[in-house]
Each structure stands twice: as C-alpha cells, then as structure tokens.
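Me: I'd like a close look at one part of this model, the place where the two chains come together. Could you walk me through how the pieces there are arranged?

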Number of protein chains: 2
Amino acid sequence: MFKAKVIIKRRPSILDPQGKAVEKGAFHLGLTNVKDTRIGKFIEFTVDTDDRQSAEKEVNEYCIKLLSNPIMEDYEFTLESAK
Amino acid sequence: MFKAKVIIKRRPSILDPQGKAVEKGAFHLGLTNVKDTRIGKFIEFTVDTDDRQSAEKEVNEYCIKLLSNPIMEDYEFTLESAK
C-alpha cells in the first residue's frame, strides 16, 4: 500500500483571483509583508497495491482525469510506502 | 524575503465529503485501488521581511485569521529564505 500526496498549482502564467482577494484581506489586517499569494490544492489518499509502477500509473490517471484541470494546472506527487 | 508554503488539512476526525465524491468518480473510472481521499489546500506566498521570527509570526496570523478554519482544520508551513 502506498500513501500518495498530491500538490496541484495553477500555472505561473495564470492569474489567481482567490489568492489576490485573500491577500487584500491580509493587508487590511496589517499583514503588509505578504505578497504573491497563490492558492492550490493538497490531496492525500492511499493506493491499495504493492506495485509502485502501477500505483504511479493510477495516481497519474487520477490527477489528470479528476483532481487537476490539465488546461491550467500542474500537479506533482510523492508516493510513500505505507503498511 | 521568505517563501512560505502552507498546507491546510481537515482534522482526521472531520468528514471530507468532497474527497468522498471525487473518489466515487475514480472508482467509476476503474481506479479501484484509490482509498481515503482527503482534499486540503496548498498555499504559497512570499513574506517581504528579513527577520525569520517576524515572518513566522505573520504567517501564523495569516493562517489563523484568513487561510484556515481553526475550528476544523490544521495547518503546517515551511519558510525558505529567498532573495
């Protein structure tokens, strides 16, 4: 069994209005040093197989078809062995 | 200047209906080994100060007041020096 951790980010060239909005809130709270906030996703799950290669294939398919929007987002993941 | 990376997760005791829904989709796509999907947030930003202690204070305040919901979420962050 593997534990997968996926990070999904918008591509650097794509604007992040949600990040901009939260940052404006930070500024009004007096957190004036915070800049360039970008909000992405962090997804954890287990993959119930002992073959790393097929686990990687499954994670890639999950990311491309369901978790990320391949048009404007990039994903990266780590796979750790878990018992 | 520091680069902050924040991960926000729901507490383990709190249900994640979004994760459950996506996982059901995965099952119907034939990704039957994927289990226990939990969806959180990954947030990046820069903190424009050279004092690590004040940067940490600012990140904590940002997380507690704006980025996370302290009632049901936990956050963790890393701070890397950036020029």
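This is a predicted model: local features need pLDDT of at least 70, side-chain atom pairs count only at pLDDT 80 or more; totals for chains, interfaces and linings use all residues.

Reply: Let's start with a pair of helices from opposite chains. Helix 1 (residues 17–28) of chain A packs against helix 2 (residues 52–67) of chain B at an angle of about 115°, and their axes are 10 Å apart. Axes here are lines fitted to C-alpha atoms, for helices over the stretch in contact, and angles run from 0 to 180 degrees between N-to-C directions. That angle makes helix 1 of chain A roughly perpendicular to helix 2 of chain B (under 35 degrees counts as roughly parallel, over 145 as roughly antiparallel, 65 to 115 as roughly perpendicular, and the rest as oblique). Helices (H or I, at least four residues) and strands (E, at least two) are DSSP runs, numbered from the N terminus.

On the chain A side, Val22(A), Glu23(A), Gly25(A) and Ala26(A) make the contact, and on the chain B side Tyr62(B), Leu66(B) and Leu67(B) do; contact means heavy atoms within 4.5 Å.

Residues are numbered from 1 along each chain as its sequence is written, chains are lettered from A and ligands numbered from 1 in the order in which they are written, and side-chain values use heavy atoms, with hydrogens and water left out.

Six strands form an open sheet in the order 3(A)-1(A)-2(A)-2(B)-1(B)-3(B), with antiparallel pairing; two strands pair if DSSP finds at least two bridges between them. Strand 3 (73–81) of chain A and strand 3 (73–81) of chain B stand at the edges with a single partner strand each, so one side of each has no neighbour in the sheet. From one strand to the next, the twist averages 20°.

Within chain A, strand 1 (residues 2–10) and strand 2 (residues 34–47) pair over seven bridges in the antiparallel sense, and Ile7(A) stands opposite Phe42(A). Helix 1 of chain A packs on the sheet, touching strand 1 and strand 2 of chain A, and its direction makes about 120° with that of strand 2 of chain A. In chain B, helix 1 lies across strand 1 and strand 2, running at about 120° to strand 2 of chain B.

How do the copies relate? Chain A can be laid on chain B with an RMSD of 0.0 Å by a turn of 180° and a shift of 0.0 Å along the axis, so the two copies are related as by a two-fold rotation axis. The superposition is by least squares on the C-alpha atoms of residues with pLDDT of at least 70 in both. In chain A, the C-alpha nearest the axis belongs to Lys41(A), 2.1 Å from it.
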